Amino acid sequence: MTLPTIEKTWQFNVNRNIGALGTNLAVNKQLLLDMKNMLIATGSLGTWTNASGATITPANPWTVRYSCNGTTAGSVGDGVDRWQSTSDMNPGQMTGVTSLTTTARSWIVLKNTTLDSGGNFQVLFDWMSDTNQGVSQWFDYGSCTIYVSRTAGFTGGTTTTRPSATDEVFCGSGFTATTQVNTNFVAYGTYCPIFGDFGSITPGGTGLFTGGYTLHCLTAADGTSYRLIVSRGSAVSFILAFEKLSNGNSSAWATPNFIIHASAQMGDPTTNSGTSIGNSDALYTACKQPYMVTALAPGGGKYKCYLSTEALEGQFMPQKFGLNAISNQYLLAQIDLMSLDTGFLGRQGYVTDLWMGTTPPGSTMPPGGPNNYAQFGSFVVPWNTTNPLT
Amino acid sequence: MTLPTLSKTWQFNVNNAQGALSSITLSNKQMVFLIKQALIGAFGSWTNAAGGSIATPTSSLWTVAYSCDSNTAGTVGDGVDHWTSASSILVANSTAFSWIVLKNTHIDPGGNFQICIACPNSDGVPALSLVGIILSRNAGFTGGSTTSRPTATDEVVLNPKSGVNSVSMVPAGQFDSGGASYGFTLHYLMSTDALIHRIFITNGSLCQFFFGVGQSTDVDWSPGIVAYYAAGGNFIFNSSVFGPFDGPLTAGYGTWSKQNARPQVGSSLTTVYGCSGLINSGSFIMAMSARGVANTTANGNNWANHYITTLGTQPNSISNDYLIEPVGLTANSSTTFPGRHGVATDLWWSNAPAGSTFPSSGTPQFAQLGSLMVPWNGSTPVV
């Protein structure tokens with residue numbers, strides 16, 4: 001197979017496998033903590049390598065702006081990371097299915113200087129969810145609100161209220177701000193259910209997800225792409241990616257950032273329906289559900305995008321084919337961003353260095369090595385020559 | 001917008017507009033006749049990509065191997081063109097009909113690529129609404145009479161459908177929605193190396209007929225000979241819906257079926273373009289595939305619609321550009337050779353209005369014919 005050219009120089013902290021921890025809460029605490037540590041590249045978690053597998057100090061990591069561990073809330077810009085261990089990871093307690101929590105909880109604001117030309121791109125993780133309220137298994141500690149601020153930065157925040165930013169954008173569903181809290185909350189209206197693949201979880205503590213996960217972090221050395229991929233066997237149960245679109249379709253969109261925040265088996269947030277319309281693979285969910293990709297609009301605000309690729313008979317190519325019957329090779333299909341939102345209609349560009357693939361999960365390419373590409377779920381990413389753990 | 005880079009240099013015989021004649025039958029005859037005339041270099045004028053006149057590239061075009069005007073059937077290799085005018089093309093159900101075999105020495109390395117255009121009629125449709133196009137890559141056609149078409153041992157029938165004389169036929173040339181006469185414009189594009197030949201018949205906003213054959217440079221078999229066939233009207237399925245992405249059944253399916261084995265993008269059964277890949281042992285069926293986006297109203301989002309189906313002719317809200325998308329060549333998983341086998345050389349989907357040119361200002365380097373964007377010669381396209 002003629003493999004696609006990898007456009008960016010990638011840095012890898014991958015194959016962090018966490019085994020069964022007994023409860024969903026324990027797993028989710030560990031995962032959220034790990035994700036933060038991956039983004040800030042503290043060096044205390046895993047080993048960073050380049051594409052050849054050589055150890056490196058990663059360029060352009062995120063930094064902690066300020067944080068809260070549920071007991072102590074920092075102040076803007078104090079730079080204190082209060083997420084030091086899983087004991088600092090404390091989810092809030094939602095008071096009902098249609099209102100946000102006001103209880104003490106952990107949150108953190110991270111800053112990035114390279115994603116946006118203003119040099120002050122920030123993200124807020126606000127772990128508001130508690131165990132289910134007797135309504136939905138999706139609330140089983142698996143929900144974390146994610147907001148981004150392109151330039152203004154977050155301010156405020158206490159142990160019981162999250163920081164906010166004047167230009168903040170909620171990543172996820174509930175695209176009408178006034179209804180985020182009140183109408184779409186049951187399904188996934190105001191939060192990003194970060195841990196995905198909840199279909200078999202028993203609300204309250206035990207279930208499928210207690211079985212552990214493998215976390216992979218891939219970042220572009222130029223600081224324009226950050227990807228956290230949670231794989232669980234044959235599927236990607238969650239992906240969170242902060243990206244700067246390098247191939248936008250117009251100079252009119254000078255700072256095209258977008259965030260992929262997709263979980264497997266997501267329902268439709270617009271109808272409060274828990275019925276899965278997604279796929280057992282998180283990125284496929286983002287192909288079927290535009291609320292899983294948030295694009296930051298020129299001039300502020302956001303709009304929704306689908307991930308998309310070439311299709312035949314109503315199905316995306318990788319859904320239809322395994323081996324090519326002529327070439328005896330697998331397919332790597334480019335992934336485009338397509339928006340159908342009014343005012344943002346059309347193809348926005350393609351996602352750099354991410355492809356839909358048809359090889360079995362855990363496969364690597366090229367055949368015979370070195371392992372420069374790896375397949376997770378239905379998607380292929382650049383790889384660092386190691387053997388991928390799924 | 002960033003325009004694509006051409007893989008080939010092209011020569012053009014385009015903008016050959018024909019007004020409506022007095023009947024659907026006459027219009028159909030005229031269309032088939034002029035296609036033949038263009039293929040053999042007897043119709044239209046040729047230019048290079050800059051629009052400069054060039055001599056008709058006769059040696060790169062097609063020659064008549066033999067033919068039949070329904071009264072007289074030629075013999076193999078006699079070279080006689082019995083299609084001397086549109087009136088030479090006759091059709092009849094189960095009786096005499098016209099056919100012609102054309103030869104091209106460039107498309108296949110063997111130097112003996114042939115097509116047979118056969119015009120038996122059936123199904124009670126307007127005369128010449130069904131035209132059979134049969135390909136022979138090397139062996140060449142033999143036989144034939146006033147009531148039977150020639151055959152070839154390696155023949156590949158585009159769009160087979162059972163019909164009279166056991167001839168497979170296609171719903172081509174049915175360019176009306178109610179049997180009315182019609183006008184059309186014929187465009188013939190040929191790569192300068194003579195490896196690719198494409199005929200487009202436009203009728204306003206539609207590219208209602210597209211026949212192309214040649215070597216594609218971007219496929220996974222070699223020589224990558226691909227034959228395209230798409231036609232508008234969809235008469236067979238009694239659809240009067242004409243849209244920019246409508247097309248009848250295409251490509252050489254073994255079984256004529258609406259539901260099965262039809263390459264298509266989107267949920268509409270009329271949303272089809274197709275093609276066949278020619279290989280040593282015959283052919284395999286492909287579709288002209290395209291990028292799709294989830295259809296939020298169909299099948300629980302478990303469906304992907306062609307971008308163009310979704311967007312229509314709406315440009316990108318941010319860039320104000322139209323889509324320009326590669327034409328994938330993909331065989332369905334139910335076919336002999338499933339997989340995506342490459343892309344069509346110098347051919348793209350676009351959602352620009354028919355007749356648009358690219359770039360948006362300056363000399364037209366590309367033109368929009370129906371839903372397809374093609375290389376162009378700087379002229380103003382007549383659609």
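How many bridges join strand β4 to strand β5 in chain A? The legends below take up this pairing and then visit other parts of the predicted model.

**View 1. Strands β4 and β5 of chain A sit side by side in an antiparallel pair.** Here is the answer to the opening question: five bridges join β4, residues 121-126, to β5, residues 145-149. To find your bearings in this pair, look for Phe125(A), whose bridge partner in β5(A) is Ile146(A).

**View 2. An open sheet of five strands in chain A.** Stepping back from the pair, you can follow the strands across the sheet in the order β2-β3-β4-β5-β6, with antiparallel pairing. The edges are taken by β2 (63-69) and β6 (168-170) of chain A; each has a single partner strand, so one side of each is left without a neighbour in the sheet. On average, neighbouring strands of this sheet are turned by 15 degrees against each other, if direction is ignored.

**View 3. Pro163(A) in the loop between β5 and β6 of chain A.** Is Pro163(A) buried or exposed? Pro163(A) counts as buried because it has 26 C-beta neighbours inside 10 Å, and the cut-off for a buried residue is 20 or more. Leaving aside residues up to four places away in sequence, Pro163(A) touches Trp107(A), Val109(A), Leu124(A), Phe154(A), Thr155(A), Gly156(A) and Gly157(A).

**View 4. Phe321(A) in the loop between α4 and β15 of chain A.** The loop runs between α4 (317-320) and β15 (332-339). Phe321(A) has 22 C-beta neighbours inside 10 Å and therefore counts as buried.

**View 5. Chains A and B, for orientation.** Chain A holds four helices and 19 strands, while chain B holds two helices and 20 strands. Of the 390 residues in chain A, 60% are buried; in chain B, 59% of the 383 residues count as buried. Now consider contacts with a separation of 6 or more: in chain A, 57% of these come from residues 24 or more positions apart. For chain B, the corresponding share is 58%.

Conventions: Residues numbered from 1 in each chain as written. Chains lettered and ligands numbered in written order. Predicted model: local features only at pLDDT ≥ 70, side-chain atom pairs only at ≥ 80, totals over all residues. Pairing = 2+ DSSP bridges. Axes fitted to C-alpha atoms, helices over the stretch in contact; angles between N-to-C directions. Buried ≥ 20, exposed ≤ 12 C-beta atoms within 10 Å, placed from the backbone. Contact = placed C-beta atoms within 7 Å.
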